[in-house]
Every structure is written in structure tokens, then in C-alpha cells.
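Thank you for making time for this one.

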Amino acid sequence: MKTIKISSFPNKDFKKFKKIKEYREKIINKTSPSVINNEYIVDRIAKSVHPSYQKLMIKNIIDVNDDIKIFYFCNADGGSLATFRPGQYITLQFQFDNKFVSRAYSLSSSPKDALNNVYRISVTRIKNGIVSNYMLDKLKIGDIIDSLSPSGYFFPSSIRDKKQIVGLASGYGISPLLSIAKSIEDKTIDKDITIFYEAKDENSFIYKDELKRLSNTYNNIKVIFINRSNTKNRITVNMIKSFITSNFTVFACGSLDFYTEMKNELSILNLDIKDMRFESSPLIEENIADTIETPNVVDIVVEEPKKKKKKKVKDEEEGEEELPDIEVSEQTPTELPKQYNIKIFSNDEEYNVTCFENQTILSALELSNVRVRSKCRCGECGYCRSLLLWGTIRVKEDMEHRRKADIKFNYIHPCCSYPTSDITIKIDN
């Protein structure tokens, strides 16, 4: 190959090359000393519409009953709220009792309400739930709460989903479906929805008056209430068929038991997988291990059959007399779940905490006041993704949403991972 030398270039180009430093300095000296604004208009719009972090102020609180409250929020900084898609959730962050905890709550308001500076959620009391009890018993109007931006995949798509939506809701699961219904009302989305909403009794229906108003006002929004105080009342395929005659997409939200029941019922219809949407509700996992002292889910030890023993006493006149059988209970002590040690490396800090075998790693970190990223708390969003350096974990089958590459290279989601040995993890905040 021929070697090209500088002297091979035309003389004019060579002179410019020799003076290139001087030439550049002249250009630099002519420029303004002021800092160039590298932020584009589209970036400013994106940050205002989709901020990663918000401060919310409680604008109003409505008591549904002793165990359910509805919270209204506005932007505490006076700006606008981040917009969202109907069916998404926000993640609230709290610092109290030497703990940093976060919880995700589905928005029951519509995206149009966010433009008017309003978010709305409902909070249901969870037995031994740290956050739900704190929000219901401690929070008041005017309090300010940190929040992450709206997230989640439980929203209708004009491409993927049918025009007709069948909403299946149980208890607190009505929130995302109400958000979808309100979006249909204000024409944010072009869908029809029929909601089958069941609750344990008449007082447990959340947003009942609003749902009735929507159902009575719009032909493309229908709500059927099922009171489960009568055990015969339940959502069935025949009930759905009596109201729906066209093809539809199912949007279901509620507890794990409710999902199991609905999947068994819907199996008769042979629906495509894409036509069955089940929200990975963050609240259904709150009561796994979020007690203040010890987890409220423990290994159950079956009580052994009671043994009958005969006891004899001696009477001075009549001699020995046999008394009736006395039942003596011999119960094996309840076994506590195993505990494992977790070593955490985070931002050049090192922590050591303990975690029960039936307690999520995220829950153990929060109860030990180790700050960690989290959003959905059900393994779906990947926001809490961390590197497992040593040890083993387990993940429930219906909570396993990791990519194959993450599984291969030992990345875990602490929000849905349980230790099966002592472990070491690296967390990026």
C-alpha cells in the first residue's frame, strides 16, 4: 500500500494544516463567553409532562368506611402533575419509624384530571400493613408526600385490545378500571367497557355512586355490582355472556385468589392470551412480611391429636376410684421460618440485615431502613433490579418477570425475591 505523506497534499491545504491551531483560536476568541443552552424545548416539555419525581400534597380525604379512604392529591410545588395512561399507578415514598418504605397505588382518576392538577387513589387497610395503617390513621389534609412518576402496563391499547373491554374487579381492584371508564367518559380513549364489580358486602364498594352515575349516563359504560355477602353471588361466564355479545378483552384487577377464580371461569371461553389482562397489583403482596416485628406468614404446624389419659384418686373409705377421661393437649411449638443474612453493597456503603425465608428481600431492606429503589413491588417493572453477587433466591412463578439475560447473569428483583441462603447483593440507587 502506498504511504501518503503530508507533503503529498497540495501546498494550499498544507499551509492551512500548519496554521490550524491559530485558525481555531481565532474562531474560539470570537465566540460569546456565555454558556450554551444545551436543553432543547422537547426536553423541557418531556420533563414537565413526565417528571421522574413529584411532591404531592393531600388536597382532600374522604372516608368510605373505617378501613377504606379516598385521597386526593395536587402538586405541592404549584406546577402541573405528570400525565399518565388510564390504569397506571403512582409510587408513594415514606420515611417514618426509622424506615424508608414505598408503596404503589393505582390511580382512579383520569389523565384529564391530572391536567387540572388532581390525582386520586383509594387506600384499603391491610392487616399488619405498615403503610396502609399509617396512611389511614396518621395522614391529614395538607401533608406532603414524595411520589415517583406514573408507571405500569395495565392500560388499553388501540392496537392490541378489542374495542369492547370486560372489566373484572374485586374490592380495591376497581381503581384502574374506574380510571379507564372515566377516560372513556372524557373521550381520552375510544373503547366500550362493562365492569363486573364484586365486594364482600354492600359497604365495601368503593366509588359506588360515581360508578352508578357513569353507568346510567353513558351507553358505552356499564357497571354490574355483585354483593358476595350472599355466597351464591359471583362473576360467571354466563353472567358475562348475558351482557356481552361481541368479542372482548378482559381487564382483571384484585387479589390472587380472585385471579385464580376468574382464570378458572374464563378457561371455558378459550380466549387468546393477549385478550386476558391481569394487573399485577402491588397491594396483594403487602401483607406477606410487612409487620413491624416478625412476618405474619409462618410455617403452620398441625396440632397433634389430643391424647386421653386416665387419672386415679384414692378415697379414704371407698379405695381407688376411676375418674372420667381428661383431655390433655400436647401441641408442638410453632416453628418460625428460617432467617438468612443479607449483605448489601450500595453507593460505597455496606449493610447487613436479616431476612426470613418467606419475606421478600425488599421488605427486609425497608424494615432495616436501607434505602432501595422500588415501584411496582410485583417484579414487573424492573425498577429495583439488583445484582446477586453470592447466594441463592427463589421467585414465585407468577411473579417471575425477569429477562432471560438477567437470570443468566444473576440479576434479581428484590421486591419479589425470597432468600434460600445467606446472600450478597449490589444495589444501584
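**Charges, rings and a sheet**

I begin with Lys375, whose charged end sits over the ring of Tyr383, 4.9 Å from its centre; a charge counts as over a ring if NZ of Lys or CZ of Arg is within 6 Å of the ring centre and within 35 degrees of the ring normal. Likewise, Lys208 lies over the face of Phe225, at 5.6 Å from the ring centre.

A word on the basis: this is a predicted model, in which local features need pLDDT of at least 70 and side-chain atom pairs count only at pLDDT 80 or more, while totals for chains, interfaces and linings use all residues. Residues are numbered from 1 along each chain as its sequence is written, and side-chain values use heavy atoms, with hydrogens and water left out.

Turning to the sheet, 6 strands form an open, antiparallel sheet in the order 4-3-6-1-2-5, where strands are DSSP runs of E of at least two residues, helices are runs of H or I of at least four, both numbered from the N terminus, and two strands pair if DSSP finds at least two bridges between them. Strand 4 (99–106) and strand 5 (119–124) stand at the edges with a single partner strand each, so one side of each has no neighbour in the sheet.

Aromatic pairs, with ring centres within 6.5 Å for Phe, Tyr and Trp (its six-membered ring), are stacked with planes under 30 degrees apart, edge-to-face over 60 and tilted otherwise; the count comes to 12. The rings of Phe94 and Tyr134 are edge-to-face, because their centres are 5.8 Å apart and their planes at 75°.
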